[in-house]
Amino acid sequence: MSTGLNDNDLISKVLSGDQQAYAGLVARYQNYVFTLTLRMIKSREDAEEVAQDVFIKAYKYLADFRGASKFSTWLYTIVNNTCISFLRKKKLQIYSLDNEGVFEVADSRDSGFRADLVEQKSRQTMVGNAISMLNPDDAEIITLFYKNEQSLDEIAQILGLEVNTAKVRLHRARTRLKEKMETHFAHEVKDLN
Amino acid sequence: MNKEHSIEERLWEFIDGISSDEEKTVIEKLLQTDAEWKAKYSELLQINEMLSSSELEEPSMRFTKNVMEGIAKLHIAPATKSYINKKIIWGIGVFFVTMLVAILVYGFSQMDWNAGESSSFAEKLSKFDISKFFNNTWVNAFMMVNVVLGLVLLDSYFNNKRKQFRKEA
């Protein structure tokens, strides 16, 4: 596999007819894309299907990637659009910022998570579970910022927002994540201190 | 509550490294002198570290294989800009600009600028009868040109399709 090549080299190879070079790009970004889709869609099976769909779409429209931004930024824009379409199709409600429903979903999830947490008191699990309690918009922006290493400018581009709006949304998402951790994982947070 | 939110907002910007130099200096001083700021900072810093250190999720082992099977029969679509012919866009633009200029020139040439010298420009303009320029002949000519342009565009579209089909074959 063409692991030593950078994104642009791999893209050039794919565009010149070397379809196998695309496997290098998939291998490089599959965890990032899958984490993002999972955080938004919540179901592993659906998230994997959507993540595959993202890579297939990206391949089909690869000629439209002009290198003006990073390949990852372009790819995450496809992730964002594909997840939103999927959620709309499934008629899953994307909760508004102040919707009580977020907390109802969070509470119903919480009972299941607690049993696991007795055995798995790791930070990883707690953070992952807390993020999965957030609404898709909050989970997406936190994942993009922390896991997919996108700057606020790039996040704004992916989400089609102004930079300041993205900044405010990130701040609100972190505040809500903190509240979730304090409400549902108070003991675990104390233990980590 | 608002004060707490404001502190958090400023501290997050400080942690993210997007505060201005002036703000950085102020916050650094506050962290040395104010216990509330110090406590909040260590709390947010801990969350920040947890978020940064969380691991990525992994899809199934077959993921790459599934994608490669999915794209096996696909062709990469031509770039959007390659099938938007700039010449056609320019042609349409030039046509409309020419039409506007022609109408204006004809309209102003028909005005009697010396009639009623005392009257203002607004009055002269109100006497300008636009309906006589949009009589049947004008409308017909305009529609005719549009139909011709439409046919040219259609022809160009089918030509491109034919070329694309030949290329793929």
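Helix H7 of chain A is largely enclosed by the rest of the structure, because eight of its eleven residues are buried (20 or more other C-beta atoms within 10 Å of a residue's own count as buried, 12 or fewer as exposed and anything in between as partly exposed, with C-beta atoms placed from the backbone). The buried set in H7(A) consists of Asp138(A), Ala139(A), Glu140(A), Ile141(A), Ile142(A), Thr143(A), Leu144(A) and Phe145(A). Helices here are DSSP runs of H or I with at least four residues, strands are runs of E with at least two, and both are numbered from the N terminus.

This is a predicted model, in which local features need pLDDT of at least 70 and side-chain atom pairs count only at pLDDT 80 or more, while totals for chains, interfaces and linings use all residues. Residues are numbered from 1 along each chain as its sequence is written, and chains are lettered from A and ligands numbered from 1 in the order in which they are written. The model comes with an ipTM of 0.75 and a pTM of 0.67.

Turning to the interface, 34 residues of chain A are in contact with 28 residues of chain B (contact means C-beta atoms, placed from the backbone, within 7 Å). On the chain A side, helices H2 (22-41), H3 (44-60), H6 (123-132), H7 (136-146) and H9 (163-184) each put in at least two residues. H2(A) gives the largest share, ten residues. By type, the side of chain A that touches chain B splits into 18 nonpolar, nine polar and seven charged residues (Ala, Val, Leu, Ile, Met, Phe, Trp, Tyr, Cys and Pro count as nonpolar, Asp, Glu, Lys and Arg as charged, and the others, Gly among them, as polar).

One helix pair that spans the two chains is H3(A) with H4(B), residues 63-71, packed at about 45 degrees with axes 9 Å apart. Axes are lines fitted to C-alpha atoms, for helices over the stretch in contact, and angles run from 0 to 180 degrees between N-to-C directions. That angle makes H3(A) oblique to H4(B) (under 35 degrees is roughly parallel, over 145 roughly antiparallel, 65 to 115 roughly perpendicular, and the rest oblique). The crossing of these two helices is right-handed, that is, the near helix is turned clockwise from the far one by less than a right angle, with anticlockwise being left-handed. Glu48(A), Gln52(A), Phe55(A), Ile56(A) and Tyr59(A) of H3(A) meet Phe63(B), Asn66(B), Val67(B), Gly70(B) and Ile71(B) of H4(B). That contact comprises six nonpolar residues, three polar and one charged.

Within chain A, H2(A) packs on H4(A), residues 71-89, at about 30 degrees with the axes 10 Å apart, and the two are therefore roughly parallel. This crossing, too, is right-handed. H2(A) brings Tyr29(A), Val33(A), Leu36(A), Thr37(A), Met40(A) and Ile41(A), and H4(A) brings residues including Leu75(A), Val79(A) and Phe86(A). The contact has eleven nonpolar residues, two polar and no charged. In the loop between H2 and H3 of chain A sits Lys42(A), a non-glycine residue with a positive phi, near 75 degrees. Lys42(A) is partly exposed, with 17 other C-beta atoms within 10 Å.

Chain B has seven helices and zero strands. Buried residues make up 6% of its 169 residues. Mean pLDDT, the predictor's confidence in each residue from 0 to 100, is 83 for chain B, and 82% of its residues reach 70 or more. Among its elements, H6(B), residues 121-127, has the lowest mean (70) and H4(B) the highest (94).

Terms used: Contact = placed C-beta atoms within 7 Å.
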